[in-house]
Amino acid sequence: MWDFSIRRTIGILARTMPFILMRMAIYFVITLAFILATGTGIGYGEGQAPTTR
């Protein structure tokens, strides 16, 4: 059976913390961009069908 070590797990998380934080920041920026695009009406304008005059 596999022997679980909490100390080893915390060590692995500590070594990969910069990548985890970078990934969280990227997801936050993408989410913020979606919220701003929806709130400012960019999404509404982009979804409009072209009109003929």
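Helix H2 spans residues 17-39, 23 residues in total. From first C-alpha to last, H2 reaches 33 Å, close to the 33 Å expected at 1.5 Å a residue. That expected span is 1.5 Å times one less than the number of residues. Gly 41 follows H2, with a positive phi near 90°.

This is a predicted model, in which local features need pLDDT of at least 70, side-chain atom pairs count only at pLDDT 80 or more, and totals for chains, interfaces and linings use all residues. Residues are numbered from 1 along each chain as its sequence is written, and side-chain values use heavy atoms, with hydrogens and water left out.

The protein has three helices and zero strands. Helices (H or I, at least four residues) and strands (E, at least two) are DSSP runs, numbered from the N terminus. Along the sequence the pattern reads α-α-α.

How many of the 53 residues count as buried? The share is 0%. Buried means under 20% relative accessible area, exposed over 50%, and partly exposed in between (1.4 Å probe, protein chains only). The protein exposes about 5400 Å², by the Shrake-Rupley method with a 1.4 Å probe, where for residues only the protein chains shown count as cover. Carbon and sulfur atoms supply 71% of that area.

Now the surface. Trp 2, Phe 4, Ile 6, Ile 10, Leu 13, Met 17, Ile 20, Leu 21 and Met 24 form a nonpolar patch, with about 940 Å² of accessible area together. Helix H1 (6-15) and H2 each give two or more residues to the patch. H2 supplies the largest share, four residues. Like charges are joined within 9 Å, nonpolar side chains (Val, Leu, Ile, Met, Phe, Trp, Tyr) within 5 Å.

Met 24 lies in helix H2. Met 24 counts as exposed because its relative accessibility is 52%.

Terms used
Patches are made of residues with over 30% relative accessible area and no salt bridge: like charges are joined within 9 Å, nonpolar side chains (Val, Leu, Ile, Met, Phe, Trp, Tyr) within 5 Å. A salt bridge is a side-chain nitrogen of Lys or Arg within 4 Å of a carboxyl oxygen of Asp or Glu.
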